[in-house]
Amino acid sequence: MLGLSDLALTYGMVAAALSNKIAISDGYRLAAETGVEIYPILGGGSLPFRGNFSPENIDNVIKDFAGTRTLTIQSALRYDHGYEATALVAKVLAERLHRVAPLRLSSDDREMVLNIIAVFVKNYLSSFYDLMEVATKISDVIPGQRDRLARKSDVGYARDLPHPVELADTLSDLELAAEIRKMKREGAPELPRAISFTASLYSIGLPPEIIGVGRGLREAKERYGVSSFDWLLENYHGLKNSISFACRFVHLKNAAEFLAPSVIAQAEEDIALIDEHLGIACAKETGKDRLYQTILETMRPMLGQVIGIEGDAIISDEGLELNLVNEWILRLAKMRGSLG
């Protein structure tokens, strides 16, 4: 059983996708050595950050995680994309998933991919640590759409902090490994669930798919050359589709009201480098997406008040502020096709 959501939360979207490629390849290598067959199950969500298991990207999912024999389809596909789209995805998976030859990485490619993963992790965490506190506050007011263990309860279910040291121990690039080890943090707050974390950043205008990707693309190319960069683009089939989707919902001016200037500066750099390396321009307004931005701007002051961005949270006895924020968050979620 493999997953994308928790890995993306703690290490970023690109690292999560590439890590699962390694896991699938390693699994089939072990199967060949032992004679024990494996049938990998892969879990993910509809938004790109959590896997991009969507009707528009299902062909890329099958290619990116070749060898997977079962995909778990989560509620956003069933309830936000509709019956017909979900039925089509199920039909495509039933016909094609078991026919695709498993992904197999050579030892050299595996070593290269681990180093590339670390590059993206480094750039993701450099922003993640500085936005985590605000994202967690917003996550706690994201409305639940199904019964789940809460982050704060007697049986709470919080995600663990990143463990960059364990990643560093796998790297052949010793200089990079040293940089990764320095990114270990102690005493940080517990992380929210991937769904609410993703929703929290979309709800302020910084889709998490963007974080660290532009800087990661540049550094991977500079460290390991054009051939490694080309390998990434040729073998991560869903990357451009995922980034293109997320770019529609970028609104950094709005996000700047919640996040530190250093995080916004890094996001601006990511966006410029995404355009340079992938040819994808973020935040180009369309009529459809302008409504999304308008709702973000309308919700901004009340969301800040509810989470206490500049002091204690302020909620009336009737909870009208929180109710309005919840309505706006759900409206945004419907527009992008998933809460988180």
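In which helix is Ala255 found? Ala255 is found in helix H12, where helices (H or I, at least four residues) and strands (E, at least two) are DSSP runs, numbered from the N terminus. The model is a predicted one, in which local features need pLDDT of at least 70 and side-chain atom pairs count only at pLDDT 80 or more, while totals for chains, interfaces and linings use all residues. Residues are numbered from 1 along each chain as its sequence is written, and side-chain values use heavy atoms, with hydrogens and water left out.

If contact is taken to mean heavy atoms within 4.5 Å, then among contacts between residues at least 6 apart in sequence, 81% join residues at least 24 apart.

The confidence of the prediction comes next. The mean pLDDT, which is the predictor's confidence in each residue from 0 to 100, is 91 for the protein, and 90% of its residues reach 70 or more. Over residues 153–157, however, the pLDDT is below 50, and this stretch has eight contacts in the model beyond near neighbours in sequence. Where pLDDT is low, the predicted coordinates should not be read in detail.

Helix H9, residues 194–202, is largely enclosed by the rest of the structure, because nine of its nine residues are buried; among them are Ile195, Phe197, Leu201 and Tyr202. Ala255 of helix H12 is also buried, with a relative accessible area of 0%. Leaving aside neighbours within four places in sequence, Ala255 is in contact with Ile204, Gly205, Leu206 and Ile264. Ala255 and Gly225, although 30 residues apart in sequence, are 34 Å apart in space, C-alpha to C-alpha.

Two loop residues may be considered together. His251 has its place in the loop between helix H11 (239–247) and helix H12 (252–255), and counts as buried at 10% relative accessibility. Its contacts, apart from neighbours within four places in sequence, are with Ile204, Gly205, Gln293, Leu296 and Glu297. Asn52, in the loop between strand S2 (41–43) and helix H3 (58–64), counts as buried at 3% relative accessibility. The phi of Asn52 is near 60°, a positive value in a residue other than glycine. Most residues other than glycine have a negative phi.

The axes of helix H10 (residues 213–235) and helix H13 (residues 261–278) come within 9 Å and cross at roughly 25°, the axes being lines fitted to C-alpha atoms, for helices over the stretch in contact, with angles from 0 to 180 degrees between N-to-C directions. H10 and H13 are therefore roughly parallel to each other, since angles under 35 degrees count as roughly parallel, over 145 as roughly antiparallel, 65 to 115 as roughly perpendicular and the rest as oblique. The residues making this contact include Val213, Leu217, Phe229 and Leu233 of H10 and Gln266, Leu273, Ile274 and Leu278 of H13. They divide into seven nonpolar, three polar and five charged, where Ala, Val, Leu, Ile, Met, Phe, Trp, Tyr, Cys and Pro count as nonpolar, Asp, Glu, Lys and Arg as charged, and the others, Gly among them, as polar.

Ala272 lies in helix H13 and is partly exposed, with a relative accessible area of 46%; its C-alpha atom is separated by 9.3 Å from that of Arg215, 57 residues apart along the chain. Met112, found in helix H6 (residues 107–139), is buried with a relative accessible area of 16%. Beyond neighbours within four places in sequence, Met112 is in contact with Ser228 and Trp231, and the C-alpha atoms of Met112 and Ser228, 116 residues apart along the chain, are separated by 7.5 Å.

Key
Buried < 20%, exposed > 50% of the residue type's maximum accessible area, 1.4 Å probe, protein only.
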